[in-house]
Amino acid sequence: MTRLRRAAASARQVRLHVILLAAAGAILLIPVPADAQPYSPAPHPGWLEIGGGVVWTAGYDAGRGTATESPNSSTSAPPLTLFSSSARVPAVAGVEARAGVYLAERVSVEAAFQFSRPTLRVRLDDDFENAAPQEAVGGLSSYVIAGSLLYHFGSGRVVPFVSGGGGYLRQLDEDNADVLTGNEVHAGGGVRLWFGTGASRLGLRVDAKGSVRSRSAGFEQKRRVLPVLGAGIVYRF
């Protein structure tokens, strides 16, 4: 009897879940009257958009290096390795500000400024005197100034877009003694979610892109591709 009661209770729960799901589906399928939908005018050439938020840049392997000591010139012995080192720059969060202008209903251009404080972590090991491995951490200031061309798919409340462009990268160490500069090229896409109605609107923007940088802090100065994610508030007027 106990098993029968449990089976009956389980069947009632299944029927209840089915009824709730059917009701939710019916509610979602109810058409919304046209006059109840938010009014969303299409952007016109000359409309402006400003925004800001947070940006996350992925970390990368910054290469390896060795410290060697040259032997006496009278011998043919190879250089003596005193220690080796490996470097890495972890992922970092920063801030971003943007300003753009619409060239057409679905096309706009924008300028962006990013600032972050990444760290360069250098691990020292394989010491000639068998010393314990150590890690040195140095702070950096990273600036990216870039321009982008955007294409928007529609002009409603939810507007996906794709973007691409390039810019200038500048990184300084803690003492502002060493300066590294390079160029940056990026491409990606995202979505805007607009709130309210009318021409002037506040919204949320989320985007992702790949940032190709000609140089970046580390032992190896080579071109790197870094994923970049951003989220923030935008205002169009």
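1. The model is predicted: local features need pLDDT of at least 70, side-chain atom pairs count only at pLDDT 80 or more, and totals for chains, interfaces and linings use all residues. Residues are numbered from 1 along each chain as its sequence is written, and side-chain values use heavy atoms, with hydrogens and water left out.

2. Glu 96 sits in strand E4, residues 92-102 (strands, E, are DSSP runs of at least two residues, numbered from the N terminus). Its relative accessible area is 9%, so Glu 96 is buried (buried means under 20% relative accessible area, exposed over 50%, partly exposed in between, with a 1.4 Å probe and protein chains only).

3. The side chains of Glu 96 and Arg 98 are joined by a polar contact of 2.9 Å (a pair of N or O atoms within 3.5 Å; within protein, one must be able to donate a hydrogen and the other to accept it, and residues adjacent in sequence count only if both atoms are side-chain atoms).

4. Arg 192 belongs to strand E9, residues 179-195. Arg 192 is buried because its relative accessibility is 2%. Its side chain makes a polar contact of 2.9 Å with the side chain of His 152.

5. Leaving aside neighbours within four places in sequence, the residues in contact with Arg 192 include Glu 49, Glu 110 and Leu 204 (contact means heavy atoms within 4.5 Å). Leu 204 is in strand E10 and is partly exposed, at 33% relative accessible area.

Definitions and conventions:
Helices (H or I, at least four residues) and strands (E, at least two) are DSSP runs, numbered from the N terminus.
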